[in-house]
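Please read the following report beside the sequence and the three-dimensional view. What can be said about the overall form of the chain, and about one of its loops?

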Amino acid sequence: LGGRKVVREGFKFAERWFLANGGWGSVSRESVGSVTGELDLEKLSLKDLKETVAPSGIVDSDRMVELFCGAVETLGSVGAAQYEASVSFGSEGTGPGQFQSVGRVAVHGEGSEQVVAAADYKGCRVNVFNVRSGEPVRSVGSKGDGPGQFQYPVGVAFNQRGEMYVSDWEHDRISVFDASGSYVRSFGEKGGGEGQFVGPLGLAFTAGGELVVADSGNHRVQVLREDGTF
């Protein structure tokens, strides 16, 4: 009966009644069930269930499992309603705008020129899409060891000029491409020194234009200039 607040207060009253009457030593489960059964406990939030209902001990375990599952399911449906996808990019495959496995993503630009880049680490390339239309704009890189090629691209980030930085976990380096997707340069090598990497993963730029690199194998984060130096 009632809304969430009424149910919460009603349950607290039932708990006080239970304790005042001697608890399980004096009160039968049938009596407790008849009292709590009048309350629509499904209306309570997951927090209420964790902090109020479960600690009381007056609701049996099977019923608590039902309530927790219901609360989680409701939370998921609310989240889905709040964050419903408006645009979907790509599909499974090896063609234009398709992926074998999607890694990190990055966004650059505004309005009709805004793009999103996503690393395809199994496909050894980065796919770039127009955010507004969802259409593929370009594909950058290929499998190999040469300039602009990848073995395991993971992280992606754009600087303020629209240059795209891509970390290659296998090559222990970061490759840079201009706004049109042409290869510009790369930096980094395997090692533990400054500007060296062991399995670089996520990338991001600070407001000041410095590149932040998650250097996974060295268990550290490096902050570099755009050219890869300290």
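This is a predicted model: local features need pLDDT of at least 70, side-chain atom pairs count only at pLDDT 80 or more; totals for chains, interfaces and linings use all residues.

Residues are numbered from 1 along each chain as its sequence is written, and side-chain values use heavy atoms, with hydrogens and water left out.

The mean pLDDT (the predictor's confidence in each residue, from 0 to 100) of the chain is 89, and 93% of its residues reach 70 or more. The chain has four helices and 13 strands, which are DSSP runs numbered from the N terminus (helices are H or I, at least four residues; strands are E, at least two). The elements with the lowest and the highest mean pLDDT are set out here.

| Element | Residues | Mean pLDDT |
|---|---|---|
| helix α4 | residues 61–82 | 67, the lowest |
| strand β9 | residues 173–177 | 98, the highest |

Along its principal axes the C-alpha trace spans about 80 × 40 × 35 Å. Of the 230 residues, 36% count as buried, that is, under 20% relative accessible area with a 1.4 Å probe, protein chains only.

The chain carries 22 positive and 30 negative charges, whose mean positions are 3 Å apart; Lys and Arg count as positive, Asp and Glu as negative, and His and the chain ends are not counted.

Gly209 lies in the loop between β11 (200–205) and β12 (211–215). Gly209 counts as buried because its relative accessibility is 15%. The C-alpha atoms of Gly209 and Arg225 are separated by 7.5 Å, although the two are 16 residues apart along the chain.

Notes
Buried means under 20% relative accessible area, exposed over 50%, partly exposed in between (1.4 Å probe, protein chains only). The place of a charge is taken as NZ of Lys, CZ of Arg, CG of Asp or CD of Glu.
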